Amino acid sequence: MEKIRRASHAGSWYTDNPEKLAEELEGWLRASGLAQSPDVRGVIAPHAGFSYSGRAAAYAFANIDPTNISRVFLLGPSHHYYTPKCALSTATAYKTPIGDLPIDLEVIEELKATGKFESMDIRIDEAEHSMEMHLPYLAKVFEGYHVKVVPILVGAVNAENEAMYGEMLAKYIDDPYNFFSVSSDFCHWGSRFNYTYYDKKHGPIHKSIEALDRMGMDIIETGDPDAFKQYLLEYDNTICGRHPISVFLHMLKNCSSKIRIKFLRYEQSSHCKSSRDCSVSYASAAAKLKP
């Protein structure tokens, strides 16, 4: 039975006009100046409204060479629904204004059979924006290619289970037909986010935020999930995709392929100068096979 997840954030977080959306995405991908590479096996990209993070996200998605990829695993954090596990979509396809992406039901069944995942109903799926904000870019990059998606909502997973999911999913990285799209914004700064860490030695607040984010990005680039966990414990940086990123780092640690993450773009929604200001940071990375 067909069960379509609507593009529930189209018309608000991004345009629902197909021509306009395609034009915007093409423009941002072109402006990144990056070339597609078959060695890129995954990305980390933001998930805010496109007027905020669309340009930054292009620095992740422009690296994708769609030629040999037939499946995209999509890992996104849960903003509204609490679960200590990872949850699988119950939809059969994800709709976007520029083309629908079918779900890989076989892999969903395979994962379900492990007994480690829960299923999320369509309401939870449609309320969540973290994976949806990657879909228009994926639909654009894979235009004309047959690709299926495996959406995994990563809940408030503890360190032990991050490692468990990472080990379980690692084998999928070793299949060159698979690709991984990891969804995360970086620091959410300001009193509305209950986070106002400020190290004055960096100068203005926005420079302190950048130094904090870049410290996290450098640690993610080392590929060490334990060091990343330590960093989060120490600074409590409000990286909303901390769990998907941690699971991905455990996957890279447990697979046979040698893959390295490299950040290519960093932006902030605004430059905070006083404690009354607020901002969200956006960072885009590519995970590439080591030569």
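Tutor: Rings of Phe, Tyr and Trp (its six-membered ring) count as a pair if their centres lie within 6.5 Å, and the pair is called stacked when the planes are under 30 degrees apart, edge-to-face when over 60, and tilted for the rest. This is a predicted model, in which local features need pLDDT of at least 70 and side-chain atom pairs count only at pLDDT 80 or more, while totals for chains, interfaces and linings use all residues. Residues are numbered from 1 along each chain as its sequence is written, and side-chain values use heavy atoms, with hydrogens and water left out.

The structure holds 13 aromatic pairs. One of them joins Tyr-14 and Phe-50, whose ring centres are 5.4 Å apart with planes at 40°, so this pair is tilted. Because Tyr-14 lies in the loop between S1 and helix H1 (18-32) and Phe-50 in helix H2 (residues 50-61), the pair ties together parts that are 36 residues apart in sequence; here helices (H or I, at least four residues) and strands (E, at least two) are DSSP runs, numbered from the N terminus. Both Tyr-14 and Phe-50 are buried, where buried means under 20% relative accessible area, exposed over 50%, and partly exposed in between (1.4 Å probe, protein chains only). Tyr-195 and Tyr-197, by comparison, form a stacked pair, at 6.5 Å centre to centre and 20° between the planes. Tyr-195 is buried, with a relative accessible area of 5%, whereas Tyr-197 is partly exposed at 29%. Returning to Tyr-14 and Phe-50, these residues form one aromatic cluster together with Trp-28, Phe-61 and Tyr-137.
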